[in-house]
Amino acid sequence: SIKEQTYIMIKPDGVQRGLVGPIISRFEARGFKLVALKLVHATPEHLQKHYEDLKEKSFFPGLIKYMASGPVVAMVWEGLDAVKTGRVMLGATNPLASAPGTIRGDYALAVGRNICHGSDSVDSAKKEIALWFPEGIVQYNTLLAPMIFE
Ligand code: DAT
Ligand code: MG
């Protein structure tokens with residue numbers, strides 16, 4: 001749907017490396033609408049909830065430590081097929097396989113420092129948006145929709 005929303009997060013390495021602007025620019029330029037945004041230094045407990053599906057993985061403790069090492073940029077982007085297109089823009093989880101032109105394929109080398117997060121389904125997007133934005137997202141109209149969607 002053209003109102004689909006996805007949770008996109010710039011991880012601590014992306015913030016430290018000054019990639020907030022370039023990453024936001026890609027979503028703006030693609031035609032998505034920003035409906036929530038904040039800089040947050042998350043607690044390990046909050047991040048364990050975000051990644052709860054991965055809690056049995058051997059890399060889980062290291063993942064939580066890295067994600068809690070500094071602030072992240074939490075965002076919700078809205079537009080046509082935002083979840084799937086967002087994942088394509090991020091690129092494969094392991095930058096070894098991320099195509100050039102994707103965010104990870106242009107800026108990352110290691111799976112454990114892959115710069116950005118994007119929801120993998122509409123269902124997980126809903127859960128992640130509720131977890132990171134319990135206060136809700138921002139509703140507003142833009143004049144551009146007819147230029148971006150048929
Ligand atoms: P994605 O972030 O593409 O949705 P995921 O949900 O499978 O990937 O894993 C979440 C994050 O965990 C991923 O962005 C980086 C880290 N991770 C995944 N597999 C890993 C591995 N084999 N070694 C180290 N970190 C890993
Ligand atoms: Mg995932």
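Visitor: How many bridges join S1 to S4?

Guide: Three bridges join S1 to S4, and the two strands run antiparallel. Strands pair through backbone hydrogen bonds, either parallel or antiparallel. Here two strands count as paired if DSSP finds at least two bridges between them. Strands (E, at least two residues) and helices (H or I, at least four) are DSSP runs, numbered from the N terminus. This is a predicted model, where local features need pLDDT of at least 70, side-chain atom pairs count only at pLDDT 80 or more, and totals for chains, interfaces and linings use all residues. Residues are numbered from 1 along each chain as its sequence is written, chains are lettered from A and ligands numbered from 1 in written order, and side-chain values use heavy atoms, without hydrogens and water.

Visitor: In what order do the strands form the sheet?

Guide: The order is S2-S3-S1-S4, in an open sheet with antiparallel pairing. S2 (33–40) and S4 are the edge strands, each pairing on one side only. From one strand to the next, the twist averages 15°. Helix H5 (residues 82–90) packs on the sheet and touches S1, S3 and S4. Its direction makes about 25° with that of S1. Such axes are lines fitted to C-alpha atoms, for helices over the stretch in contact, and angles run from 0 to 180 degrees between N-to-C directions.

Visitor: Which residues are the bridge partners of Met9?

Guide: In S4, Met9 partners His117. In S3, Met9 partners Ala74. S1 (residues 5–10) and S3 (residues 72–78) pair antiparallel over six bridges. Gln5 stands opposite Glu78 in S3.

Visitor: Is His117 buried or exposed?

Guide: Buried means under 20% relative accessible area, exposed over 50%, partly exposed in between (1.4 Å probe, protein chains only). His117 is at 9%, so it counts as buried. In S1, five of the six residues are buried. His117 sits in S4 (residues 116–118). UniProt lists His117 as "active site" in an unreviewed entry. UniProt positions follow the numbering used here, feature names are shortened, and annotations may be inferred rather than shown by experiment.

Visitor: What does His117 touch?

Guide: Contact means heavy atoms within 4.5 Å. Beyond residues up to four places away in sequence, His117 touches Tyr7, Ile8, Met9, Lys11, His50, Tyr51, Leu90, Arg104 and Glu128.

Visitor: Where does UniProt place the "binding site" feature?

Guide: The unreviewed entry places it at Lys11, Phe59, Arg87, Thr93, Arg104 and Asn114. The lining of the largest pocket includes Lys11, Phe59, Arg87, Thr93, Arg104 and Asn114. On a 1 Å grid over the protein atoms alone, a pocket is an open set of points with protein on both sides within 12 Å along at least five of seven lines; lining residues have an atom within 4 Å of a point.

Visitor: Where do Arg87 and Asn114 lie?

Guide: Arg87 lies in helix H5. Arg87 is partly exposed, at 32% relative accessibility. Asn114 lies in the loop between helix H6 (103–107) and S4. Asn114 is buried, at 2%. The Asn114 side chain reaches the backbone oxygen of Thr93 at 3.0 Å.

Conventions
On a 1 Å grid over the protein atoms alone, a cavity is a set of points where a 1.4 Å probe fits but cannot get out, and a pocket is an open set with protein on both sides within 12 Å along at least five of seven lines; lining residues have an atom within 4 Å of a point. A polar contact is a pair of N or O atoms within 3.5 Å; within protein, one must be able to donate a hydrogen and the other to accept it, and residues adjacent in sequence count only if both atoms are side-chain atoms.
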